[in-house]
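Here is a short briefing on one protein model. Look at the structure first, then read the notes by topic.

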Amino acid sequence: MEDFEQNQDFEYIKERMKERPVNKKRLIRRMVITASMAVVFGVLACFTFLVLEPVFSNFLYPEEEPQAVEIPEDTDEMLPEDMMIVEEDSTVKPEETTNKDDEVLSDYKLLYQKIYELANKTMKSMVTVTGVSQDIDWFNNSYENKGQTSGLIVANTGREILILADEKILDKAEDLHVTFSDGTTAVASVKQTDANTEQVVIAVPVNQIGKSTLNVIDVASLGNSKSTSLLATPVIALGRPYGNTKSVAYGMITSKGTVLNLIDCNYELLTTDIYGSEEANGILLNLNGEVIGIINQKYNKDEAKNLISAVGISELKRTIERMSNGKEMAYLGINGTDVTGEANTSLGVPLGAYVTGIVMDSPAMKAGIQSGDVITKINEQEILSFSQYAAAIAECRPEETITVTLMRQGPEEYREITLSIPLEKLK
């Protein structure tokens, strides 16, 4: 005990554990090795999946072979189902009806077949006119220029086949060739031109045409473009509505009220909903097989350049007749319109051909006719409308002197003036 007390002044030995220092280089090396192994394992796993997946899929879910595509060819032979239809149709009773949809489709198809038959029949009256001219290139080599347009057979005089065509085909043309509907060709010559409508009548001697061709071709039937029921009626465009020979298009008349104020006559412009070429030419045909217009794209508005338009045939008939007879067109040189009933009763304007404009250097200008004058007589023929005036001028000859009676408005009333005017040739 004493010894314990004597040794109570002692100290415990304290031991501190010192941590080993971290080897950073070794730690980084291990991390890099671990990451590299992970990447290698991932690549091996993806490669193994891509290689073995189709094998396991084909083993577990075998893919079926695709069926071969077979499209049966059309034959001229009657198929069994067609024979059944024929047999069924022959046994159908009057009171039985077929499927309405089939009837509508059948009627629709039949309608277009009938329209095409009508167009094909009228093709016998159509020809292709080719103008040929010779020219020389930069190397002094001679070559041919050819232009084509559609033509319409308008008469057979027994000596000549007369064809109406676009005058632009004559531009520098030295020879004219006509190709008929059966493919035969013949040489044509100019009968007469009309600078106003830019139309020409050319002639092919009958003795240059074979009998077989004469039996095929036909003179066109000219209809009536003045009919009030013409609006919204179906029409066929024949000739070159798309710019190529013997093209056909279907549509309807969309307007017929536009008046073309040409020299000494007025024409009616027919517009359609048929989309064609800006250079289209040919005819408009109604469903009676009658020509009701000559295609002319010159008067189309900018926003409708490609819609087929035509000059009404009714006003052209007189011009066609005159050209067919080889008569030159006389020329006074006014633009005009009718005096309406309201203007006559309310404003006191005399009935006649109201002058709206004068052509520069024309016989009318030289004689002193003015805008606002109303022509009431040509020679002894009374004029009550502009169409009567146009008909009277059409009967006159170039260089013929006519008496024109007109009414001119004065300070208080209209006064009558009589003029003696020598006509000229329309150029």
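Is K366 buried or exposed? K366 is exposed, because its relative accessible area is 59% and the cut-off for exposed is over 50%. Keep in mind that this is a predicted model. The points below cover salt bridges, backbone angles, a nonpolar surface patch and cysteines.

**Salt bridge K366–E424**
- The structure holds eight salt bridges. One of them joins the side chains of K366 and E424, at 3.1 Å from N to O.
- This pair links distant parts of the chain. K366 sits in helix α8, residues 363-367. E424 sits in strand β20, residues 424-425. They are 58 residues apart.
- E424 has a relative accessibility of 27%, so it counts as partly exposed.

**Salt bridge E198–K298**
- The side chains of E198 and K298 also meet in a salt bridge, with 3.0 Å from N to O.
- E198 is in the loop between β5 (185-194) and β6 (199-205), while K298 is in the loop between β11 (291-295) and β12 (307-312), so the pair ties together parts that are 100 residues apart in sequence.
- E198 counts as partly exposed, because its relative accessibility is 32% and partly exposed lies between the buried limit of 20% and the exposed limit of 50%.

**Salt bridge D373–R408**
- D373 pairs with R408 in a salt bridge. Their closest N and O atoms are 2.8 Å apart.
- Here too, distant parts of the chain are linked, 35 residues apart. D373 is in the loop between α8 and β16 (374-378). R408 belongs to strand β18, residues 401-409.
- Both D373 and R408 are buried.
- As a general point, side chains of opposite charge can pair when their charged atoms come close.

**Positive phi angles**
- Most residues other than glycine have a negative phi.
- E198 has a positive phi, near 60°, and is not a glycine. This is the residue that also forms the salt bridge with K298. Its place is the loop between β5 and β6.
- D361 is not a glycine either, yet its phi is positive, at about 60°. D361 is found in the loop between β15 (353-358) and α8.
- How accessible is D361? Its relative accessibility is 54%, so D361 counts as exposed.

**Nonpolar surface patch**
- Which residues make the nonpolar surface patch? They are Y108, L111, Y112, Y116 and Y250. The patch covers about 520 Å².
- Helix α4, residues 100-122, gives the most to this patch, with four residues.
- Y116 is placed in helix α4. Its relative accessible area is 46%, so Y116 is partly exposed. That value can qualify for a patch because patch residues need over 30% relative accessible area.

**Cysteines**
- How many disulfides does the structure hold? The number is zero.
- C265 is buried, because its relative accessibility is 11% and the limit for buried is under 20%.
- C396 is buried as well, with a relative accessible area of 4%.

Technical notes:
Residues are numbered from 1 along each chain as its sequence is written. This is a predicted model: local features need pLDDT of at least 70, side-chain atom pairs count only at pLDDT 80 or more; totals for chains, interfaces and linings use all residues. Side-chain values use heavy atoms; hydrogens and water are left out. Patches are made of residues with over 30% relative accessible area and no salt bridge: like charges are joined within 9 Å, nonpolar side chains (Val, Leu, Ile, Met, Phe, Trp, Tyr) within 5 Å. Accessible areas come from the Shrake-Rupley method with a 1.4 Å probe; for residues, only the protein chains shown count as cover. A salt bridge is a side-chain nitrogen of Lys or Arg within 4 Å of a carboxyl oxygen of Asp or Glu. Helices (H or I, at least four residues) and strands (E, at least two) are DSSP runs, numbered from the N terminus. Buried means under 20% relative accessible area, exposed over 50%, partly exposed in between (1.4 Å probe, protein chains only). A disulfide is a pair of cysteine sulfur atoms within 2.5 Å.
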